[in-house]
Every structure is written in C-alpha cells, then in structure tokens.
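Reader: Can you walk me through this one? Keep it quick.

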Amino acid sequence: MTPTDTNHGPLVDAKAQLAEAVAHLGCEAGVHRMLATSRREMAVSVPLRRDDGSTAVYEGFRVQHNFSRGPAKGGLRFSTAVDLDEVRALAMWMTWKCALVNLPYGGAKGGVAIEPRDHSQAELERVTRRYTSEILPIIGPEIDIPAPDVGTDEQTMAWIMDTYSASVGHTVPGVVTGKPISLGGSLGRATATSRGVAHIALMAMSLRGIDPEGATAAIQGFGKVGRGAARFLADAGVRVQAISDVDGAVWSDEGLDVQRLGAHADETGSVADFDGAEQIDPASLVTLDVDVLVPAAVEGVITAANADRVRASIIVEGANGPTTAGADAILAETDVLIVPDILANAGGVIVSYFEWAQANQAYQWTERQVKDRLEERLTRAWHDVVEYSGVHHMSYRQAATALAVRRVIEAHELRGLYP
Ligand SMILES: NC(=O)C1=CN([C@@H]2O[C@H](COP(=O)(O)OP(=O)(O)OC[C@H]3O[C@@H](n4cnc5c(N)ncnc54)[C@H](OP(=O)(O)O)[C@@H]3O)[C@@H](O)[C@H]2O)C=CC1
Ligand SMILES: O=C(O)CCC(=O)C(=O)O
C-alpha cells in the first residue's frame, strides 16, 4: 500500500517517531505516555493596541515538553500557522534535539499566531512584551529559555529580556538566547544554525562520495537558516542552484550569486524577480535534480504527494519537520539520505547553550572558540547517529530519535520522577 499523509500534521508525525523509538527501545507503556505528553502548556490571549488605535487579539502558546535533563529550551515563532499542536510537536522535537547533542536541557517551544509582516516594529514590540508578561511565570534562566525561530529575531529577544528583567528588578541576560551581542549575545549565534546545516551537509556529502566542488544544492527558505546555509555551502564550492521564499523561487544552472541575491532580497523583501536567475515555480524546488536539498522554511513540505519526485541524493533538514511521515516511508524505499532536523539544525541550540553558559559565567568566548566547539559537538552527534543507524539497520531519523529518547528515559530513571 502506498503510504499517505491522511493524518498529516507535525504532532502526529512527532508522536509516530516517538512510538517507533519506544518500540525499538522496548520501554513500558507508562513511560511512552509520559514522553508523548507535554509537561506544561500555557495558552494566552495577547491583546495589541494597533498604531491606528484599534485593538487586535492574538493567540499565543508556550509548551514545555520535558525537563528531565535540565531547563526547557526552544524558540519562539511568530506566524499565522501557529497552533497548539504545532507548538507541542516543535517542543517535543526540541527535547530530542537537546538530548541528541548532549545539552543539559529539556525541550520547549512558543508561538504567537500573528503575521509579523503586517505589523510595525512598534506593534511587534508591544505584542512581544505582552506575550512575555503573560508567560513570565513559567520562563526564566533555570526554567525555560526562549530563542529566535520563524518570524522572530534578536530584537524580539532583547524585548523579552527587558520585559523579564524589569519584572524581577535586575538584568537577567540568561532568560533568552539569540540576543544582540551588545546585550550578552554570543558571537556566532546568528549564523550557528546555518553553519551547522552546512557542516552536516558537507559530512553527508563526504559519506556519499560527493565532492562539494561542483556539487549542486537547492534551498527552500531565505531567512535566518536558509540564507546562511546558502552562503556557507557556496563558500565550500557548492553550486547553490535554487532558492525560494514565500513569494517566489529562483534558479541558475551555474549557481546563484548568494551575496547579490541577499542584497536583492534586502532591497525588495523577496528573492523573486532576481535578475541573475530564472524564476521557477516555488513548489518545484523540492523536486529539483540536485545533490543536496535543504528545506529551511516550514514543516510538511516534502509529503506523500511529492516524495516520489524528489531527485536529491541528500536531504539536510534545516527546518523542523519538513518531511512528513508519509514522505519518510516513501523515501525509505529509495537511496535518498535524510539527515533529520534534530541533528541537521542543532547548531542553533548548541550555540544558544554556549550563550547561556557565557551569561551564567558573565564571560565572553571568542568566535573561534564558539565555532570550534559547535563543530566538535555536531561532529560527535553525527558519528553517534551514523554508527547507531549502521548497528541497528535504521534510518538516521530513527537512529537519532532512539538515541535521544534513550538519554531522556535514562535521566527520568536516574531522577526517579515516576514510580
Ligand atoms: N533560527 C534558528 O536558529 C533555527 C531555526 N530552525 C528552523 O528553521 C526553519 C526556518 O527558520 P528561520 O530561518 O529562523 O525563520 P525565518 O523567519 O528567519 O525565515 C523563514 C524563511 O522561510 C520562508 N518561507 C516560509 N514559508 C515558506 C514556504 N512555504 N516556502 C518557501 N519559503 C518559505 C520565509 O520566506 P519570507 O522571507 O518570504 O517570509 C523565510 O525566507 C524553521 O523550521 C525553524 O524552526 C531550526 C533550528 C534553529
Ligand atoms: O536556540 C534555541 O534555543 C532553540 C532553537 C530552536 O528553536 C530550534 O532548534 O528549533
């Protein structure tokens, strides 16, 4: 039977991945139920006084999936696609990601169902401060530490830090990561996720015997992750042939000039209509004939409906959850190597951890220290996954999830958090 995405949705996919890991590890039903459930969820209503004097109200969430290995950690997303189930899935993936790269954290995620492009900076500041005030009782440097994700940035983190600090009466840099450098942000955090994506892509190419010089890539998304990934891959000699965003997609056989494309996007707000390339259908990006495909935008873009047309040799998941369970099942029958999100995009949270450690020490590391330690941790996790996958004859996603779930269960057992 051809797999389908009948139950498609990130939470369904995340729970299916957990169920597979639990079956492989052989743990009891109660532990499985506990890991399938968030430890704490907060839904808030975020009223906004708009610049024209009218009032808008947005739904916001913060979900803390697990605390067994340490405080919860994960980004904050501003997007109209945000809902509670999406945030639950993203929080669960954060737990596995932090465990996989051995950070002393559990997993969390937050979101506000708002389109940031429709708001002024002043409105975004008011929304951020109000959302922060609402979730304030459940965040803190030892409880849950937000960071940037889709639609948020270092300015958002600065507003959260200020709102939290004003409430407790002193400056608390460790309450968020991904802050501006001048407020205690880490050197190298802004590019950490994309640097990690490129580092992992190069290791995957080496495993597949693909020489980066002359290899080709397509990248979906030209935001904080996609743009840097394009730059780092191009710097390694890869011909980045296609890049897309919400408004369009561009393609060039000889490879896009990523720097010029960046200048064009800064000027116009999109990669669309870049004069150094052909315009293509954004939906075709994931099925282009390239060596490496980097989905770096949103969930659920490689699905049961298009997986059989994927022609890349390697998929490096810069985004969280870009490949649905139905697509995974189809691609498992092919030679396509999928490097799962919890490994491929872990560079961001690794350097967030470094930022938090620097805030706790009140001491700044050099950029070289950050880069070296980032690559060291990612390389170790990569080898763990490759080895586990080989020993247990499973996909990299299955191996990564199993390794991570095993570490979380071990922490539960050692702490004795359940009878
Ligand atoms: N930032 C980080 O440190 C980390 C991010 N991630 C994950 O990476 C992904 C991207 O995050 P980030 O780069 O921070 O987000 P950004 O908001 O900075 O960028 C998102 C990009 O994706 C584009 N996009 C959105 N929807 C689509 C679509 N349907 N098709 C094509 N492009 C689309 C946006 O286009 P437009 O510009 O036109 O809006 C934008 O270019 C998310 O899944 C996030 O969870 C994972 C780990 C860490
Ligand atoms: O840097 C962080 O704390 C979290 C980044 C994030 O949200 C993610 O890895 O998906």
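Author: A term to start with: a residue is near a molecule or strand if its C-beta atom, placed from the backbone, lies within 6 Å of it. This is a predicted model, where local features need pLDDT of at least 70, side-chain atom pairs count only at pLDDT 80 or more, and totals for chains, interfaces and linings use all residues. Residues are numbered from 1 along each chain as its sequence is written, and chains are lettered from A and ligands numbered from 1 in the order in which they are written.

Reader: Fine. How many residues surround ligand 1?

Author: The count is 26. G221, G223, V246, A319 and G348 are the closest.

Reader: Which helix gives the most to that shell around ligand 1?

Author: Helix 7, with three residues. Helix 7 (224-235) and strand 7 (239-245) each supply at least two. Helices (H or I, at least four residues) and strands (E, at least two) are DSSP runs, numbered from the N terminus.

Reader: And what is the shell around ligand 1 like by class?

Author: It has 10 nonpolar, 12 polar and four charged residues. Ala, Val, Leu, Ile, Met, Phe, Trp, Tyr, Cys and Pro count as nonpolar, Asp, Glu, Lys and Arg as charged, and the others, Gly among them, as polar.

Reader: Where does ligand 1 lie relative to the domains?

Author: Between domain 1 (40-183) and domain 2 (192-344), because both give residues to its shell. Those bounds come from an automatic or database domain assignment.

Reader: How far apart are the C-alpha centres of the two domains?

Author: They lie 27 Å apart. Eight residues of domain 1 are in contact with seven of domain 2; contact means C-beta atoms, placed from the backbone, within 7 Å. On the domain 1 side, helix 3 gives the most, with six residues. That side has seven nonpolar residues, no polar and one charged.

Reader: Switching to ligand 2. What surrounds it?

Author: 14 residues, of which G75, A147, G348, V349 and S352 are the closest. Strand 3 (72-78), helix 3 (84-100) and helix 11 (347-361) each give two or more residues. By class, the shell around ligand 2 has three nonpolar, eight polar and three charged residues.

Reader: Now helices 12 and 13. At what angle do they pack?

Author: About 105 degrees, for helix 12 (residues 367-392) and helix 13 (residues 396-415), with axes 8 Å apart. Axes are lines fitted to C-alpha atoms, for helices over the stretch in contact, and angles run from 0 to 180 degrees between N-to-C directions. So helix 12 is roughly perpendicular to helix 13, a label for angles of 65 to 115 degrees.

Reader: Which residues meet there?

Author: D384, V385, Y388, S389 and H392 in helix 12 meet Y396, A399, A400, A402 and L403 in helix 13. Seven are nonpolar, two polar and one charged.

Reader: Last one. How many helices and strands are in the chain?

Author: 13 helices and 12 strands. The C-alpha trace spans about 55 × 55 × 45 Å along its principal axes.

Technical notes: Parallel < 35°, antiparallel > 145°, perpendicular 65-115°, else oblique. Contact = placed C-beta atoms within 7 Å.
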